[in-house]
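Let's take a walk through this fold together, one piece at a time. Keep the picture beside you and follow along as we go.

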Amino acid sequence: MTEPQTLAQNRPSLLARLMAGIAEHCPDVTAAPLSDEPTPDEPGHPEYHRRQRATFAFNRWRTAVPHRYREATATHPDVLAWADRAATDIRDAGFLVLTGSIGTGKTHQAYGALRRIAEAGPRRFEMIATTAPDMYGRLRPGGSAHGTEHELKRLCRVPLLLLDDLGTEKLSEWTEEATYRLINERYNQCLPLVVTTNFPVRAAPDETGRPSGPDLVSRLGDRLASRLAQTASIVRLDGPDLRRQLRSAA
């Protein structure tokens, strides 16, 4: 072995000299093992990818939401609990039925629940939001360019569906059949459904034992009402008409 090779082998490496200098001038500093694990702000970390999914889902939510409700957030504890279950696994969430008189914030809470799911960053986020009258209009022959059956299957299979103002439509055998097919299919597939309605699911009985007023049971039938009662989180929103208060304040 030549002398230059021997000197090169015995010469301390640059890293060794650097560590020796640190030890000499900063005796209180100790070296820590280096980690090449990604941080939450770097690709490869679960939180980084959750944030990416949340951004994508939130943009899809805003695209599907009417402009009036783009600032909607859920505040009711039962609505928040339902949304958190749906964000974890939509097939464990069940239905969410928001009842109450006009202007109590049912639609606001419904869109807010879907927003909370989007912001959680689920692995898949697809939603359709429609009013019951608009849905029946699209399901009628000629109401959709794709046909009634295609439209109904789309509503049955979308992961998240919001049906606003259920019960305001004109009742007929056709609307009853279409509603039954939709709710029954989502019930069987364990897919969530968000419903807002001005009617209680079942009205309190009067002195004769009959319902004291209109309810979803009388409008949808016992078969659908039993499914709602079994799988739904029913949230009653009470209070004054918020829209009228806003108009008065303006």
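This is a predicted model: local features need pLDDT of at least 70, side-chain atom pairs count only at pLDDT 80 or more; totals for chains, interfaces and linings use all residues.

Sorted by class, the residues of the contact between helix 6 and helix 7 are four nonpolar, one polar and three charged.

Helix 7 has another partner to look at, helix 8 (residues 173-188): the axes of helix 7 and helix 8 come within 9 Å and cross at roughly 35 degrees. Their crossing is right-handed. Here Glu 149, Leu 152, Leu 155, Cys 156 and Arg 157 of helix 7 meet Ala 178, Arg 181, Leu 182, Glu 185 and Arg 186 of helix 8. The contact of helix 7 with helix 8 holds five nonpolar and five charged residues, and no polar ones.

Now turn to the sheet. Strands of a sheet pair through backbone hydrogen bonds, either parallel or antiparallel. Which pairing do we have here? Five strands form an open sheet with parallel pairing, and their order is 2-3-4-1-5. At the edges sit strand 2 (127-131) and strand 5 (232-236), each of which pairs on one side only. From one strand to the next, the twist averages 10 degrees. For a closer look, take strand 1 (residues 95-99) and strand 4 (residues 193-197), which pair in the parallel sense over four bridges. Leu 96 stands opposite Val 194 of strand 4. Helix 6 comes back into view at this point, as helix 6 packs on the sheet and touches strand 2 and strand 3 (160-164). The direction of helix 6 makes about 100 degrees with that of strand 2.

One more pair of helices is worth a visit. Helix 4 (residues 77-88) packs against helix 5 (residues 106-119) at an angle of about 35 degrees, with the axes 8 Å apart, and the crossing of helix 4 and helix 5 is right-handed. Of the residues in the contact of helix 4 with helix 5, eight are nonpolar, one is polar and two are charged.

Finally, how confident is the predictor? The chain averages a pLDDT of 82, and 77% of the residues score at least 70. Among the elements, helix 5 has the highest mean pLDDT (98), and helix 11 (residues 242-249) the lowest (48). Over residues 245-250 the pLDDT is below 50, and this stretch has one contact in the model beyond near neighbours in sequence.

Notes
Residues are numbered from 1 along each chain as its sequence is written. Side-chain values use heavy atoms; hydrogens and water are left out. Ala, Val, Leu, Ile, Met, Phe, Trp, Tyr, Cys and Pro count as nonpolar, Asp, Glu, Lys and Arg as charged, and the others, Gly among them, as polar. Two strands pair if DSSP finds at least two bridges between them. Helices (H or I, at least four residues) and strands (E, at least two) are DSSP runs, numbered from the N terminus. Axes are lines fitted to C-alpha atoms, for helices over the stretch in contact, and angles run from 0 to 180 degrees between N-to-C directions. Contact means heavy atoms within 4.5 Å. A crossing is left-handed if the near helix is turned anticlockwise from the far one by less than a right angle, and right-handed if clockwise. pLDDT is the predictor's confidence in each residue, from 0 to 100.
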